[in-house]
Amino acid sequence: MAKWGEGDPRWIVEQRADATNVNNWHWTERDVSGWSSERLRQLLLAVCVEGPEGASQLTDVDKLEGEASINNRKGKLFFFYEWTLTASWLGTASSGVKYRGTVHVSNLSDENDADDLDISVSLCKDHPDTPLLGLMRTRGVQEVRRVLAQYVQQLKSEFSQGMILPSNQQQKTPQPPTQKKTSTPAPRCSSGPAPMCSSGPAPCPATCSFTLKETFQTSAAELYTTFISQELVQVFTRCAAVVDGRRGGRFQMLDGSVSGEFSQLVPDRSIQMRWRFRTWPSDCFAAVTLELQQRGDETELRMACSGVPAAEEDATREGWRRFYFQAIRQTFGY
């Protein structure tokens with residue numbers, strides 16, 4: 001598989017080595033899970049509350065599971081994070097007796113505000129009841145909520161720098177268009193327009209075909225539904241989409257970068273579509289066929305794609321692998 005960023009820069013890629021994100025058009029992604037894990041531990045272990053009952057503080061982060069990333073798509077920043085954590089607390093009553101317990105947070109994510117976090121506090125089972133539990137459930141919870149909100153604020157302030165970069169127009173002086181050199185297409189590429197292209201001011205260039213085969217740990221029915229359900233498409237692409245899962249129904253996804261229509265649907269068996277990328281000539285569509293065959297607990301998917309502009313073959317092939325097939329696996333666990 002090509003490295004992240006190789007191929008068509010209009011698919012989701014990391015920033016290039018020179019830090020240029022042309023026109024801020026594509027999706028620049030930065031993984032901040034490592035920083036987030038360390039910062040959350042630092043903030044949580046600084047939590048300490050006092051009252052007439054005594055004093056309590058978090059002493060260890062026993063469980064911290066999740067991930068975080070920042071994405072720039074078309075000049076807009078999107079923050080994705082989801083964490084589940086459990087921390088231990090130690091309290092010393094005014095009498096000098098020590099007590100231990102845990103704090104659990106199950107829904108620290110970009111979908112919840114700090115006030116919506118579910119924070120539970122418990123006392124170790126072998127410890128008798130103590131007013132310190134009430135202290136932790138009131139002031140302790142407030143302090144945990146505060147530092148988690150602080151983490152989100154720091155995530156958005158410290159790591160957004162450099163994510164929206166100067167556009168290509170701002171960095172370079174416009175140059176007059178130059179005549180592109182004509183190269184000989186690969187042997188399997190046709191020299192004429194694609195079969196699915198109609199006549200018009202922007203005819204299709206030479207086109208190519210390719211095939212892919214993938215195996216998913218799910219039923220053919222579930223995989224079929226994943227491709228034609230608007231709700232599921234929005235989930236695995238992480239952005240709004242329009243999908244009319246009927247014959248002749250149209251679809252548009254990835255901020256309008258991909259569009260087309262379903263030309264033939266055989267439930268749980270095959271999907272045929274006219275498919276195009278936004279920057280292709282306006283009348284140019286690829287013919288995509290997805291054949292599904294269930295084999296026990298797995299489903300084999302065979303993809304045939306024809307009518308792809310020759311210059312876009314590698315980018316289209318890699319785009320389908322990464323932003324359809326891999327995204328579906330990572331999202332649904334297939």
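This is a predicted model: local features need pLDDT of at least 70, side-chain atom pairs count only at pLDDT 80 or more; totals for chains, interfaces and linings use all residues.

Reader: Which residues of α5 itself are buried?

Author: V233, F236 and T237 are the buried residues of α5. They sit on the same side of α5, because they cover an arc of only 95 degrees around the axis.

Reader: What makes L254 count as buried?

Author: Its relative accessible area is 11%, and buried means under 20%, so L254 is called buried. L254 has its place in the loop between β9 and β10 (258–266). Its phi is near 55 degrees, a positive value in a residue other than glycine.

Reader: And D255, why is that residue called partly exposed?

Author: D255 has a relative accessibility of 32%. Partly exposed lies between under 20% for buried and over 50% for exposed, so D255 counts as partly exposed. D255 is found in the loop between β9 and β10, and its phi, near 60 degrees, is a positive value in a residue other than glycine.

Reader: Why does E65 count as partly exposed?

Author: E65 has 48% relative accessibility, and exposed would need over 50%, so E65 counts as partly exposed. E65 lies in strand β3 (residues 54–73).

Reader: Which residues is E65 in contact with, leaving aside its neighbours within four places in sequence?

Author: They are E82, W83 and T84. Here contact means heavy atoms within 4.5 Å. As for L85, E65 and L85 are 20 residues apart in sequence, and their C-alpha atoms are 6.4 Å apart in space.

Reader: What lines the second largest cavity?

Author: Its lining is made of F227, V233, F236, V243, F251, M253, F262, M273, W275, W320 and Y324. The elements that give two or more residues to this lining are α5 (230–237), β9 (250–253), β11 (270–277) and α6 (313–332).

Reader: How do you know which kinds of residue make up that lining?

Author: Val, Met, Phe, Trp and Tyr are among the types that count as nonpolar. The lining residues divide into eleven nonpolar, no polar and no charged.

Reader: Which members of the largest nonpolar core touch the most other members?

Author: Of the 39 residues in that core, F227, M303 and W320 do. Leaving aside its neighbours within four places in sequence, M303 is in contact with F210, T211, L212, V288, T289, L290, W320 and F325. A second, separate core of 37 residues includes V49, V121, L148 and Y151.

Reader: What does the protein chain look like as a whole, in helices and strands?

Author: The protein chain has six helices and 13 strands. Of its 334 residues, 43% are buried.

Reader: And what share of the contacts with a separation of 6 or more comes from residues 24 or more positions apart?

Author: Such residues account for 58% of those contacts in the protein chain.

How values were computed
Residues are numbered from 1 along each chain as its sequence is written. Side-chain values use heavy atoms; hydrogens and water are left out. On a 1 Å grid over the protein atoms alone, a cavity is a set of points where a 1.4 Å probe fits but cannot get out, and a pocket is an open set with protein on both sides within 12 Å along at least five of seven lines; lining residues have an atom within 4 Å of a point. Helices (H or I, at least four residues) and strands (E, at least two) are DSSP runs, numbered from the N terminus. Buried means under 20% relative accessible area, exposed over 50%, partly exposed in between (1.4 Å probe, protein chains only). The arc is that of the directions from the helix axis to the C-beta atoms. A nonpolar core is a set of buried Ala, Val, Leu, Ile, Met, Phe, Trp, Tyr and Cys residues joined through side-chain atoms within 4.5 Å.
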